[in-house]
Amino acid sequence: MKTFCGRANPTTGALDWVEESEEYDYHQEIARSCYADMLHDRDRNVKYYQGIRAAVGRVKARGEKVVVLDIGTGTGLLSMMAVTAGADLCYAVEVFKPMAEAAACIVKKNGFSDKIKVINKHSTKVTVGPDGDMQERANVLVTELFDTELIGEGALPSYEHAHLHLVQECCEAVPHRATVYAQLVESERLWSWTQIRPMQLEGHTLVPPTALCQCAGAPSVCDIQLSQVPPSAFTRLGPLCTMFSVDFSRLITSAPQTHSCRFVVQTGGSAQVVLSWWDLDMDPSGTIVCSMAPSWTYSDPRAYPWRDHWMQSVYFLPAERNVCEGEEVILTVSHDDYSLWYSLSEGQRTVEKETSCRPCTCQAHLVWTRPRFGELNDHRRRAYYLSALRSVRAHPTTACVHECRHAGRHCSTWSCLRVCVRVRACVCVLQILQPDSVCLAVSDGSLLPIFAHLLGANKFLEANSLQNVVHVLDVRPEQLSVDHLHGQQISVLIGEPYFSTSLLPWHCLFFWYCRTALTCLLRPGASILPASATLYMLAVEFQDLWRIRAPCSTCEGFDVGAMDEVVQNSLDFRESRKAEPHPLWEYPCRALTKPYPVMTYDFQQCVPEQPISSEGTMPLTRRGHCHGIVLWMEYHLTDDITVSMGLTKPISEEGECVWCPHRKQGVYFFRNLWESSGDGRAAVSYSLTFDPSIGDIKMDFSVFPS
């Protein structure tokens, strides 16, 4: 059975109606999952196996029958480990039907069907008794219900229910215990992801409104590969704090909790950010430990076990606070069923229990992502745009308009930003234009329009002494008329471009579609910034990211090839010939080719009716394993000013790449691993076609070995 689904097209701005199979959602879920990453996580798998063997051994030593409950079994790997370790019976619970079917297939293929029962239910729906899903309560509880924040997948309610209804009192649990750690730091780099800093612009200071400065920020965790944030990017203000532990072998509560750690400040500074991670003790003695600590905590960083399904957490304090060396402070973490949040107080104060985190009150944190905050705070990037604007010499009455681009529906604050500003009064960001210019800005979250729209024009303008110069327009680009521009035509069209719905690099070509819709309002010879964009690509060897898409075949001696087939079938359903977005500053890679410009989009012209195609080959000029292709966009603001959304520095002789930290790049993974000898005889063949009717790129890559 198929159904029509309405989807907003991020590139064209249109609402597309597409026919989808009823299986589309779960194929997409599997295709974009981290199952391969977990199966490749040898440190995790070995530690779980050791913990399971020890738990089964302790139960057997008591002369008891070993009955295991495995909640969130996934592939059935942990259940098979338990039976191999000597368990008499294992109940493997999996709520996601396709995964439960895959687990049953894997269990059967490995010969464990007589001892492992796969139950396709949520664990809170599982029943115990003669006619139930389980004949008896389990005495060993095995789970993998954790995310980067530890409890974000609902681990606490699931454990609470299991202890009340599914397992024996004082059962063995693997893992036995989890411990959460936190480090208070000062980091201008990380803090720039949650607050807008005052900006010096040619003798003027642009300041954010008080409402933004006083806002506690977004309550959600920022999960990243913290190993890629070097210690030089932050200052430790205190010791590593043990915040709290959870004993999974005992009844636990999912009710809100608060835990505190009192310590003396070791280095004075501005307390801004909390870095956090957790460990799993697989046994009661804590001799089998699986740690999520970043690589820079290891004496030998090469011993760091990379994983992407569990990373590290960054939490932003509600407000930055100056602390002095020797001062006593209290770091407090609170949590509900699914999330954690931190606060800092003076050592003499009584810690109050918080049952809910403080919400964003300024709305900006609901609109801007953390990378977007960082992008707006990037003074080097800002300088490029100012330099480009200085080169513009436009014509009469100045206005800056932020356009609505969501046809036929109400625009929420995060998806539509449109503000008309007289540029000659606009704090010199656009003062370099002629006094009578008409400037149209098309981007989501460009600094001046987003402050004016989200926080109220008066607040923003009063903060910068610009009262009575802003008019809010509620129109889409194709609806804009000369009446909106007071009878004038557009002399300058500018965009970053940035749009909140963009995931892949070419989604920001929505700017091109807006430019096309506005053609009749452009003056002859109107300036358009950026003037054009170029799509670049590069063949790479990933240090670790390849694991998330590589087939596993066997894991700790068990045949999990059926899972590889399930993932590949879901990829073939829709995803296999598509790129996927990844922030590559978090995932080191080596270039095996030079960067290749493969497609240029001329914004001076309208979007063409015919497709744009590019074909060719890229010789592999460095040794390594070719895992895939990276794609990114570079915007040419003027003839000599280019802003890259991909590589920000020349590739080193060894092939090291430095990526833009504010945008995600597109990654096309090869199904098979290719060896490159580096002599240029092996090459990547490519064929790309941009279809203007759908705003997407069809791509095909293959490697010709030497």
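Start with Arg-372 and Tyr-498: the charged end of Arg-372 sits over the ring of Tyr-498, 3.9 Å from its centre. Here a charge sits over a ring if NZ of Lys or CZ of Arg is within 6 Å of the ring centre and within 35 degrees of the ring normal. Next, select Lys-594 and Tyr-596. Lys-594 lies over the face of Tyr-596, at 5.3 Å from the ring centre.

A word on what is on screen. This is a predicted model, with residues numbered from 1 along each chain as its sequence is written. Local features need pLDDT of at least 70, side-chain atom pairs count only at pLDDT 80 or more, and totals for chains, interfaces and linings use all residues, while side-chain values use heavy atoms, leaving out hydrogens and water.

**Aromatic rings**

Rings of Phe, Tyr and Trp (its six-membered ring) pair if their centres lie within 6.5 Å; planes under 30 degrees apart are stacked, over 60 edge-to-face, and the rest tilted. The count comes to 26 aromatic pairs. Select Trp-277 and Trp-296. This pair is edge-to-face, with 6.0 Å centre to centre and 85° between the planes. Trp-277 is in strand 15 (residues 269-281). Trp-296 is in the loop between strand 16 (289-291) and strand 17 (312-323), 19 residues apart from Trp-277. Strands (E, at least two residues) and helices (H or I, at least four) are DSSP runs, numbered from the N terminus. Both Trp-277 and Trp-296 are buried (under 20% relative accessible area, 1.4 Å probe, protein chains only).

Now select Phe-146, Tyr-159, Phe-248, Trp-278 and Trp-310. Ring pairs link these residues into a cluster.

**Cysteines**

Cys-360 counts as buried because its relative accessibility is 13%. Cys-508 is buried too, at 4%.

**The second largest pocket**

Finish at Asp-378, Thr-648, Trp-659, Pro-661 and His-662. Of the 41 residues that line the second largest pocket, these are the closest to its centre. Now colour helix 11 (379-390). Helix 11 gives the largest share of the lining, five residues. Other elements that give two or more residues include helix 10 (370-376) and strand 25 (532-542).

Technical notes: Buried < 20%, exposed > 50% of the residue type's maximum accessible area, 1.4 Å probe, protein only. 1 Å grid on protein atoms, 1.4 Å probe; cavity = no way out; pocket = protein on both sides within 12 Å on 5 of 7 lines; lining within 4 Å.
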